Amino acid sequence: MRFGVLGAVEARCATGEPIALGGRRSRSLLAMLLLDAGRTVDARRLIEGVYGERAPGDAAHALQSQVSRLRSALRAGGLPGDLVLFEPGGYRLAIDPEDVDVHRFERLAGEGRRAFAGGDHATADRLLREALALWRGTALADVADASFAEAQTARLEELRLAATEDHIEARLTRGEHRALAAELPETVAAHPLRERLRGQLMRALAGSGRQAEALAAFEDARRVLAEELGVDPSPGLRRVHLAVLRAEGPPRAAVPAQLTSFVGREGDLARVGELLREERLVTLTGPGGVGKTRLAIEAGRGREACFVELASVGAGTAVPRALINALGLREAALLPALSGPSEPADRLVAGLTGRAVLLILDGCEQVVDEVARLVHRLLAACPDLRILATSRERLDIAGETLHPVRPLASRAAVRLFTDRAVAVRPGFPADDATLGAAARICRALDGLPLAIELAAARLRVLTVEEVAARLDDRFRLLSRGGRSGTPHHRTLRSAMAWSWDLLTPRERTLAAGLTVFRDGATLDAVARVCGPSEDEVIDLLADLVDKSLVEADEGRYRMLETVREYCAERLAEPATAVRLMDEAIELAGRLGATEDLTRFLVRKADALAAAGDLDAAHTECARAADLARRAGMPESAANARRGLADVARLRGDLAGARALYELALRGCERASISAALTRSRILAGLRCIAEAESGGERAVGRR
């Protein structure tokens, strides 16, 4: 059952049907009981409220008659007949206050106000919106002439206006300036003396880029207050006026709205939220395509935040100017006098002083030195400022707290893939076979969200099995991104190239050399294979770790497979790859690391085949296959047979190559990244054979 007084007095049964309550006196009696639901209302108050100054001589008996009629009406509507209870001194409506709209409204409004004070603006917006939606019109509209109604209506209307102002505040904080600029003039016209509403209208106009209209709204407020009350605007309204004059309105570049679901980062989001409550500078680090930008956007939602995209910004004064533009600060208005600050950074400090705002600086790595200097200065000069940065490299300044963004875990990665797959192929099946192929794709792509989304987009023209089979050349497969992405996020290759281009020549040399170690290596192994010296390797490894190209974990250094394959392409000459593999083979042999030894032999064979030395390639693969067979390593044996099959195919022995590929395929059943990659390369070889055979058949047909 539901009862209401925020509009006409009403009662509804469990099915939602309205109950006929009778005349004005019955409705007045119910309204008074509802306003104090669950509490005893004094009989004298009820008599005065129902009858006013025209109470009958036997008022107590008359009130009993009204109570009896109300009970009958409620009972006729399907409600229990004992809801209205007689108690010493008066009557009580025995219902839960939550069943009455006015009590739900007051609870929701209070919770929304507390959520806003605690900085949870999204929750405040939701609670206050829900509270205001309970109103159906003027409170107690159909009993307005009852003696109790006038005071109660005024009280409830004031609560409604306060909740409305609180809701507007939450919406302003969330960046809804344009919508409010259209809505608020009507609200202000209805309540012309409420200065808080006037100030909110000015802020909405200023935040929409309509400073002149905001200033005009202040002049109108000044005139009305003078004419109606003979007073000047309050200090609060004058502060808003000054902020508009200085162009200090809320940020224009609000957190961008997203068009896709946010998958698999609930723990990261909660942790970043905790860090932002405790720290003033948080940097999200991680490799390209891991989802730093999206996490930052979600973390900024519900806060007074300004999003600044720095990927296309140059060095020098371009960084502070980008912030000035994103914040909507008119540079001339930031100068308090002709002798004021003239440098962009000084102007930015002047505009941010005293503002509690979160700056989201996205893509700092290509201007990391300039960003670090500016951030250090802003945080020192603006104590209310907080900054959330995304960068493939840390800013490395005092007070910075890092949150490394890792690739998605297996289940979350598959969930992301299927979510994006449904968007491009409605009716995408979620059977075991499809999910198994999706899991193989996600493992082979290291759980990188960008790569997974690009792979899912390929389902417009390929099946999930066909996508999985083509991951041997992931950069070619994942080369068609959406038009809305930034240039360095449109393809997998462009995301990797963005990181590669930021490396020094010596860092690139080591990064390419590290690709010989598919499962990572110790410092000693890296130094022996990649040289020049252990001390230099330590410094270079530290740089690559800082730039999110290498992961350090308990003394081992490894690359994500996607990063490793891109860097492997950067090995300029097959001869260089062969030399590195010889060093790795020698080290693995000395350490007795048979699995590593077989892998290095096959990789050397691949480099030899690329150089055209098929005999040497066959020798290395045969050696690897023999080692794997004797050591009982089916996955390593499968990779070696794949190498032998590649050599046979390149020699033109298509039948022999097919037999080796099919034999190798049976050794790739284990769910691992290396098995998935070997499987995709085998399937690619089989496709090449099929294409060669179909081409031969067409040639015979033409003859």
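**Close-up 1. Packing of helix α27 against helix α28 in the predicted model.** The axes of α27 (residues 594–610) and α28 (residues 614–631) cross at roughly 165 degrees and come within 8 Å; because angles over 145 degrees count as roughly antiparallel, the two helices α27 and α28 are therefore roughly antiparallel to each other. Their crossing, that of α27 and α28, is left-handed.

**Close-up 2. Residues in the contact of α27 with α28.** From α27, the residues Thr594, Leu597, Thr598, Leu601, Val602, Lys604, Ala605, Leu608 and Ala609 meet a set in α28 that includes Leu614, Glu620, Cys621, Arg623, Leu627 and Ala631. Divided by class, the residues of this contact are 14 nonpolar, two polar and three charged.

**Close-up 3. Crossing of helix α1 with helix α2.** Helix α1 spans residues 24–35 and helix α2 residues 43–51, and their axes, which come within 9 Å, cross at roughly 140 degrees; that angle makes α1 oblique to α2. The crossing of α1 and α2 is right-handed, and the contact is made by Arg24, Arg25, Ser28, Leu29, Met32 and Leu33 of α1 together with Arg45, Leu46, Gly49, Val50 and Tyr51 of α2. By class, six nonpolar, two polar and three charged residues take part in the contact of α1 with α2.

**Close-up 4. The segment of residues 1–95.** An unreviewed UniProt entry lists residues 1–95 as "domain: OmpR/PhoB-type". Over residues 1–95 the chain is 41% helix and 18% strand, and the C-alpha atoms at the ends of this segment are 9 Å apart.

Terms used
Residues are numbered from 1 along each chain as its sequence is written. This is a predicted model: local features need pLDDT of at least 70, side-chain atom pairs count only at pLDDT 80 or more; totals for chains, interfaces and linings use all residues. Side-chain values use heavy atoms; hydrogens and water are left out. Axes are lines fitted to C-alpha atoms, for helices over the stretch in contact, and angles run from 0 to 180 degrees between N-to-C directions. Helices (H or I, at least four residues) and strands (E, at least two) are DSSP runs, numbered from the N terminus. Angles under 35 degrees count as roughly parallel, over 145 as roughly antiparallel, 65 to 115 as roughly perpendicular and the rest as oblique. A crossing is left-handed if the near helix is turned anticlockwise from the far one by less than a right angle, and right-handed if clockwise. Contact means heavy atoms within 4.5 Å. Ala, Val, Leu, Ile, Met, Phe, Trp, Tyr, Cys and Pro count as nonpolar, Asp, Glu, Lys and Arg as charged, and the others, Gly among them, as polar. UniProt positions are given in the numbering used here, feature names are shortened, and annotations may be inferred rather than shown by experiment.
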